[in-house]
Amino acid sequence: MPVPPKDPFGWLDAAAEQRRRDGLTRTLRPRPADAGPLDLAGNDYLGLTRHPAVTAAAADAAHRWGAGATGSRLVTGSTALHAELEAALAEFCGFEAALVLSSGYAANLAAVTALTGPGGLVVSDAANHASLIDGCRLSRADTAVVAHADPDAVRKALDAHQGRAVAVTDSVFSVDGDAAPLPALAAACRAHGAALLVDDAHGLGVLGDGGRGGPYAAGLAGAYDTVVTVTLSKSLGSQGGAVLGPRRVIEHLLNTARTFIFDTGLAPAATGAALAALEVLRAEPGRPARVRDVAAELHRRFTAAGLTAREPDAAVVSVRAPYPEAAVRWAADCRAEGVAVGCFRPPSVPDGVSRLRLTARADLGPDEVRRAADTVLRTAPPGA
Ligand SMILES: Cc1ncc(COP(=O)(O)O)c(C=O)c1O
């Protein structure tokens with residue numbers, strides 16, 4: 001009999017040491033409630049998370065329905081608010097029906113796993129979000145990971161397969177902020193009779209007429225073969241996720257998706273807040289254009305000063321850093337000067353290139369945009 005090791009977690013010390021050596025240690029930094037740094041790191045693209053109508057709706061919902069949903073949506077966790085939000089989301093984005101889940105992550109796991117399975121094929125963009133990747137893994141379908149934003153690669157992968165298939169893609173990719181070629185992807189899927197699943201986490205509220213999202217902008221709203229997932233935690237300033245699509249797909253998810261069935265429903269406060277945020281978005285359709293303008297302005301200032309930054313298709317502005325430690329120090333220096341920016345480095349980046357990641361916000365004034373850009377430029381490391 002082998003002698004069991006005394007410390008089952010002893011190996012973690014070596015793993016932590018390796019992370020330290022590689023400059024990849026992550027730490028939590030509690031966000032102050034008030035007077036924090038200028039935030040270009042979060043995903044509150046439209047500046048709605050503290051909008052008075054949104055926070056009041058969250059408080060009202062909590063008072064009326066309770067702090068928690070109390071159970072799975074299929075048991076006690078469904079309220080009239082959930083139904084109202086589903087109808088509003090479906091109508092706004094142009095789809096037949098919607099299903100609200102407790103997060104965008106859960107929505108992606110639900111959509112990928114419910115739309116495929118053993119014997120099926122999932123064709124997945126190499127730069128897809130972790131939640132889509134995990135959906136592929138959980139689905140037990142064959143997964144073909146194809147080159148980033150490459151409809152021909154999708155077509156080839158589909159051609160090599162007989163039977164049920166779905167292609168999955170982010171609409172706007174989290175790391176570089178580039179948009180997927182949705183019309184060409186939809187054409188590739190249609191030619192094969194495959195479904196297209198689009199994660200519009202970074203498109204809702206930013207792209208399309210009045211912020212109706214990437215699929216809407218691509219002419220795919222209401223398409224019989226397209227399913228869309230969204231998060232309520234970015235443009236809508238709340239928390240939660242949803243799947244939108246043909247009614248029979250939504251009905252299928254309600255009956256089979258494990259992250260819907262075996263998960264507590266979205267908290268009433270988050271549900272009410274998302275609904276109120278959607279109402280603000282409807283009433284103020286200029287917000288999406290403003291967030292895109294802010295992103296374009298940041299990009300213009302960075303590239304004019306010689307930094308390497310991809311032209312943003314939505315709200316995410318990604319700036320290349322020379323190596324992981326430099327990216328971490330750069331972000332820390334920005335923070336020390338009162339500007340919070342994100343920092344992406346391996347293993348969160350598919351190509352191993354570390355970056356600063358800034359998110360534009362519709363509620364930033366010209367002085368704040370200038371201050372953010374100046375701070376990033378002043379603190380840039382050699383080689384950036
Ligand atoms: C592209 C994308 N999809 C899905 C998610 C997950 O959404 P949520 O945070 O609501 O779980 C995120 C990030 O949060 C994301 O960036």
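## Fold, domains and selected residues of a predicted model

Among contacts in the protein chain between residues at least 6 apart in sequence, 73% join residues at least 24 apart. The model is a predicted one.

**Overall build**

The protein chain contains 14 helices and eleven strands. Its C-alpha trace spans about 60 × 55 × 50 Å along the principal axes. The radius of gyration of the protein chain is 21 Å, and this agrees with the value near 21 Å that a compact globule of 384 residues would have. Of the 384 residues, 51% are buried.

**Two domains**

The domain assignment divides the protein chain into domain 1, residues 52–283, and domain 2, residues 286–378. Taken over C-alpha atoms, the centres of domain 1 and domain 2 are 26 Å apart. Domain 1 gives 17 residues to the contact and domain 2 gives 16 residues. On the side of domain 1 that touches domain 2, eight residues are nonpolar, seven are polar and two are charged.

**Two helix pairs**

Two packed helices are described by the angle between their axes and the distance between the axes. Two such pairs are set out below.

| Helix pair | Residues | Axes come within | Crossing angle |
|---|---|---|---|
| α2 and α11 | 52–65 and 268–283 | 7 Å | roughly 145° |
| α12 and α14 | 287–304 and 366–378 | 10 Å | roughly 35° |

The crossing of α2 and α11 is right-handed. On the α2 side, the contact is made by Ala53, Val54, Ala57, Ala58, Asp60, Ala61, Ala62 and Trp65. On the α11 side, the residues are Pro268, Ala269, Thr271, Gly272, Ala273, Leu275, Ala276, Ala277 and Val280. By class, the contact of α2 with α11 holds 14 nonpolar residues, two polar and one charged.

The crossing of α12 and α14 is right-handed. From α12, the contact takes Val294, Glu297, Leu298, Arg301 and Phe302, and from α14 it takes Val369, Ala372, Ala373 and Val376. Seven residues of the contact of α12 with α14 are nonpolar, none is polar and two are charged.

Gly265 lies in the loop between α10 (258–261) and α11. Gly265 is buried because 25 other C-beta atoms lie within 10 Å, where 20 or more is the cut-off for a buried residue. Leaving out residues up to four places away in sequence, Gly265 touches Ala69, Gly71, Ser72, Arg73, Gly77, Ser78, His82 and Ser102. Val172 is 93 residues from Gly265 in sequence, and their C-alpha atoms are 27 Å apart in space.

Pro37 sits in the loop between α1 (11–21) and β1 (38–40). Pro37 has 18 C-beta neighbours inside 10 Å and therefore counts as partly exposed. Beyond residues up to four places away in sequence, Pro37 touches Arg335, Gly338, Val339 and Ala340. Pro37 and Leu101 are 64 residues apart in sequence, and the C-alpha to C-alpha distance between them is 31 Å.

Cys343 is part of strand β10, residues 339–344. With 22 other C-beta atoms within 10 Å, Cys343 is buried. Not counting residues up to four places away in sequence, Cys343 touches Ala327, Val328, Ala331, Leu356 and Arg357. Pro322 is 21 residues from Cys343 along the chain, and 12 Å separate their C-alpha atoms.

Two residues on either side of β4 have a backbone angle to note. Arg140 is in the loop between α5 (130–139) and β4 (142–146). Its phi is near 60°, a positive value in a residue other than glycine. Arg140 has 13 C-beta neighbours inside 10 Å, so it counts as partly exposed.

Ala149 is in the loop between β4 and α6 (151–159). Ala149 is not a glycine, yet its phi is positive at about 50°. Ala149 has 20 C-beta neighbours inside 10 Å and so counts as buried.

Definitions and conventions:
Residues numbered from 1 in each chain as written. Predicted model: local features only at pLDDT ≥ 70, side-chain atom pairs only at ≥ 80, totals over all residues. Domains from an automatic or database assignment. Contact = placed C-beta atoms within 7 Å. Nonpolar A, V, L, I, M, F, W, Y, C, P; charged D, E, K, R; others polar. Helix = DSSP H or I, 4+ residues; strand = E, 2+ residues; numbered from the N terminus. Rg over C-alpha atoms; globule rule 2.2 N^0.38 Å. Buried ≥ 20, exposed ≤ 12 C-beta atoms within 10 Å, placed from the backbone. Axes fitted to C-alpha atoms, helices over the stretch in contact; angles between N-to-C directions. Left-handed = near helix turned anticlockwise from the far one by under 90°.
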